[in-house]
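Here is a short tour of a protein and its ligand. Have a look at the fold before reading on.

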Amino acid sequence: MTLNLYEMTAEFYDFGNGRRVLQDDLGFYLNEFQAGQAILEVGCGTGRVGLELAKHGCEVSGLDLSIPMLNVFRRKLKSNPSLKVALFHADMTCFELSMLFDGIILPYRVFQALRSHDERIKCLESIKKHMKADTRVIVTMFDPNLKAMHDGYPKSFIDFDLYAADLGCHVRRIITEFEPDWERQIVFYEMICQKHRDGRVLEEYSERLELGFLLPRQAEALFLQNGFRIEATYGYYDYSARLEFEPREQIYVLGYKS
Ligand SMILES: C[S@@+](CC[C@H](N)C(=O)[O-])C[C@H]1O[C@@H](n2cnc3c(N)ncnc32)[C@H](O)[C@@H]1O
């Protein structure tokens, strides 16, 4: 089974959307693009961002390798039939949609699903085929807090535990983080998703995630050496700068190197 596709846990994904960072990035993307623009969301998942951009008036194309994630997005589109959204089942390391876009975005750790230099370059090559001279590409990743990443492993936390009225039970996601592979720069997580009622677990699914991580200097070199211009970098979705001693997000706005 390919990793990082939420194949067992897609139905639980949106219960985590209350996280602050996932609220704050929405405002950023809506601010970056205008109605009428053609936007490609690479790794669109359940449509958390793509659906809002479509409601904003953008013509959205969403690409994802996970059928269960795309199915959740498709279900949402059924109750929003007037929105301009096209979905594609494809791998971000090799896609060809025969279209050019005004904006290409990879929200919330999508680029980090790629765990090797080779995969990252293939993804950037695929993205370039869909760019015009003025296309803006937005790539985001977490900014590794190397000090915190050295603390004791494994670390577990409850990501959410909420009552889901439509399911008539609670839903819970427990995440365990394991010691990173420092040489390959990969972080490992196990997600356990449960439906539970009255202290009894009704259903349980587990899934592993492996995310690559890059230091800002490495990310910048990757983009510059592969035909991109860095138009802007931010440390958070409020457009604030990266803080070296308080790492948060890495947000890159890229253009085509002419
Ligand atoms: C953390 S989710 C982000 C989803 C959405 N962009 C958001 O912001 O909520 C990462 C998404 O990337 C997708 N993904 C992982 N590897 C992929 C690949 N090789 N090609 C396309 N999509 C991939 C997963 O299926 C998942 O939907």
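The report below goes from the whole chain to the sheet and then to the ligand.

Please keep in mind that this is a predicted model. The protein chain holds 5 helices and 11 strands. Its radius of gyration is 18 Å, close to the 18 Å that the globule rule gives for 258 residues, so the chain is as compact as a globular protein of that length. Along the principal axes, the C-alpha atoms fill a box of roughly 60 × 50 × 35 Å. Buried residues make up 31% of the 258 residues. Of the contacts with a separation of 6 or more, 65% join residues 24 or more positions apart.

Now to the sheet. Seven strands form an open sheet with mixed pairing, in the order S3-S2-S1-S4-S5-S11-S10. Strands S3 and S10 are its edges, each pairing on one side only. From one strand to the next, the twist averages 20°. Helix H3 packs on this sheet and touches S2 and S3, with its direction at about 165° to that of S3. S1 and S4 pair in the parallel sense over 3 bridges, and Leu40 has Ile104 in S4 as its bridge partner.

The elements named here span these residues:

| Element | Residues |
|---|---|
| Strand S1 | 38-42 |
| Strand S2 | 59-64 |
| Helix H3 | 67-78 |
| Strand S3 | 85-89 |
| Strand S4 | 101-106 |
| Strand S10 | 228-234 |

Finally, which residues are closest to the ligand? They are Gly43, Gly45, Leu65, Ser66 and Tyr108, out of 20 residues that surround the ligand. This shell divides into 11 nonpolar, 5 polar and 4 charged residues.

Definitions and conventions: Residues numbered from 1 in each chain as written. Predicted model: local features only at pLDDT ≥ 70, side-chain atom pairs only at ≥ 80, totals over all residues. Near = placed C-beta within 6 Å. Nonpolar A, V, L, I, M, F, W, Y, C, P; charged D, E, K, R; others polar. Pairing = 2+ DSSP bridges. Helix = DSSP H or I, 4+ residues; strand = E, 2+ residues; numbered from the N terminus. Axes fitted to C-alpha atoms, helices over the stretch in contact; angles between N-to-C directions. Contact = placed C-beta atoms within 7 Å. Rg over C-alpha atoms; globule rule 2.2 N^0.38 Å. Buried ≥ 20, exposed ≤ 12 C-beta atoms within 10 Å, placed from the backbone.
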